[in-house]
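Let's walk through this structure together, with the coordinates open beside the text. The tour goes from a pocket to a core and then to the aromatic rings.

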Amino acid sequence: MCGIIGYIGRSEATGILIKGLKDLEYRGYDSGGIAVLNKNKLNVIKAKGEIRFLEEKLNGKTLYGSLGIGHTRWATHGKANEVNAHPHCSRHFAVVHNGIIENYKEIKESLSMNGIAFESETDTEVVPKLLELNYNGDVLEAIRKTVKLLEGSYALGIVCTDDENTLYCTKKGSPLIIGIGSEENFIASDINPLLHYTKNAVYLEDYETAKITSDEVTVYDRNFAETEKEIKTIQLNKSAADKGDFPHFMLKEIYEEPKVVKNTLNAVTTEGEVIFGNMPFTAEDFKALSRIYIVGCGSAYHVGLIAKYNFEKVAKIPAFAEYAGEFRYAEPVIDENCLVIIISQSGETADSLAALKQAREMGAKTISIVNVPESSIAKMSHYNILTLAGAEIAVATTKAFSCQLAALNMLCLYIARRREACTEVFSEIAVNMSHLLPKKIEKVLGKEDELKALSKTIKDMDKCFFLGRNVDFGVSLEGALKLKEISYIDCVGYPASELKHGTISLIEKDTVCFGLISNKELLPKTVSNLIEVIARGAKVIVFAPESLKADLPQFETVITYPDSIPFLTPSIEVIPLQLLAYHVANERGLPIDKPRNLAKSVTVE
């Protein structure tokens, strides 16, 4: 949530900042702003809305200077308007912030009592005011005194008018990366805006502060003593943040799923066997497990719910899918015989990170599945499984979801074999079948025209239901979320069996119900539920494997996909739902990659 960018070098900062903000815009697009320092004077431009509106305000204006910071906002405190947009300033300082200052009211009241005035409704504005109060000519000392007073999470980019050759930054609980260039250096909330300029980066840890010039980066630990940091090579390339020939990032990322699922599977399997190198837990550890919690937010929770059924069926262990934001407050029963699996695309999701901290404090074994190797969740877990989805720019996740599901399926097989809960033959078949998924996903992508045509017939609906049983229920939740978040249609996923226990009262003539049926054993029950809603005037659209189409003659519209074993079918079943959501939103003329009120990386609770 929120994106920050900073530059110090030999070039004009303005263009670099604007380009960087565009690359970060999926983190928030309620407002944007930049501050450029030139000859000890700060020039600040802000605008409400997307970065294109900030660009419009800059037309005809020249902000000279080779040091600057920028921000794209997802509003938390205060309305989305120009006054609340970052950077926020005091006499000597300009600040951009990602995170939440939890004790800002207390600080603001104290400063106001001392005659300090505020312009915005934001929590962030207390930071430049505190810096000003603590400033006696030493910027690092002002930062040290200021962050000591802050509670909550922050990644801060800081410019001081007295030091036009230095960019400062500090972090706690929110991501911040330093890009190392040639006679220029950068800061950013994530890797994407750095890809145009450098492949080298320093990843700051919590409570670290950096002093950055065009030629040098000095990092200080929580005690403000200099500390050595390793410069790491960025593995992504510039094309990762480029739509190419696709109209939207979301469609591009759907079409990347065969490749990234293949890469993720290849990284953890060989010759029919699942391999997790340097796994700290032994077969005896896995045999001793009493239960597994799979924890995530949004789509990551849906991955966990699908996997919950597989862990219980294949690994023969009680498994519970939990919302990260609820998990930590539910007083879960956790001890050394629990495994807590945390799923997060960014590896910085605030609720998931808090759940991980709690699990570790209570003695649980922890494994994370993330897409960013240097993320907080990856580093804090006992073991991390890296998905190889590459950069995902669209706010609505597609390829990261599929990679998470692929990785979690392989972890299920790995644990099942060590618990001797499934046979070697079953495991090898499942691994071999998983390597057929990319081709089967490609076959589903070949149905795009069919799904596009279907989208035209349902684009004007005002509500719909996704119905399924068992793993199909988990996929139903994901299908509903995809359609909801980018088309703004009120839709929800339900276990098919639960609809008649109250919610069927919402069914009326032409209500759209999507029925998911992937398992022949459950087909009669789900078909019965779908016939019940047809009797009440609903329009039913069924998604099912090719082999089951002959068993569904009573339905006018059946979208099929290639068969697989039940353990893997959700990985194929979700693809047509992603494509359908995309095309419905496109037919409605909506901003697919940047749906209203949403941001990609939720780094605040």
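**Pocket, core and rings**

Strand E15 (232–233), helix H7 (257–268), helix H11 (350–361) and helix H12 (376–380) each give at least two residues to the lining of the largest pocket. Helices here are DSSP runs (H or I, at least four residues), as are strands (E, at least two), numbered from the N terminus. This is a predicted model, so local features need pLDDT of at least 70 and side-chain atom pairs count only at pLDDT 80 or more, while totals for chains, interfaces and linings use all residues. Residues are numbered from 1 along each chain as its sequence is written, and side-chain values use heavy atoms, with hydrogens and water left out.

A pocket is an open set of points on a 1 Å grid over the protein atoms alone, where a 1.4 Å probe fits, with protein on both sides within 12 Å along at least five of seven lines; lining residues have an atom within 4 Å of a point. The largest pocket holds about 1100 Å³ of space. Its lining has 50 residues, and Ile191, Leu236, Asn371, Val372 and Pro373 are the ones nearest the centre.

Which residues touch the most other members of the largest nonpolar core? They are Phe311 and Phe514, in a core of 96 residues. Helix H13 (residues 399–418) contributes the most to this core, with 12 residues. Such a core is a set of buried Ala, Val, Leu, Ile, Met, Phe, Trp, Tyr and Cys residues joined through side-chain atoms within 4.5 Å. Buried means under 20% relative accessible area, exposed over 50%, and partly exposed in between (1.4 Å probe, protein chains only). Beyond its neighbours within four places in sequence, Phe311 is in contact (heavy atoms within 4.5 Å) with residues including Ile292, Lys316, Leu408 and Ile415.

Now to the rings: there are 16 aromatic pairs in the structure. Rings of Phe, Tyr and Trp (its six-membered ring) pair if their centres lie within 6.5 Å; planes under 30 degrees apart are stacked, over 60 edge-to-face, and the rest tilted. Tyr301 and Tyr323 count as stacked because their ring centres are 3.7 Å apart and their planes are at 20 degrees. Tyr301 lies in helix H9 (residues 299–315) and Tyr323 in strand E19 (residues 319–323), so the pair ties together parts 22 residues apart in sequence. Tyr301 is buried at 11% relative accessible area, whereas Tyr323 is partly exposed at 41%.

Note on methods:
Grid points are joined across faces, edges and corners, and a volume is the space filled by probe spheres set on the points.
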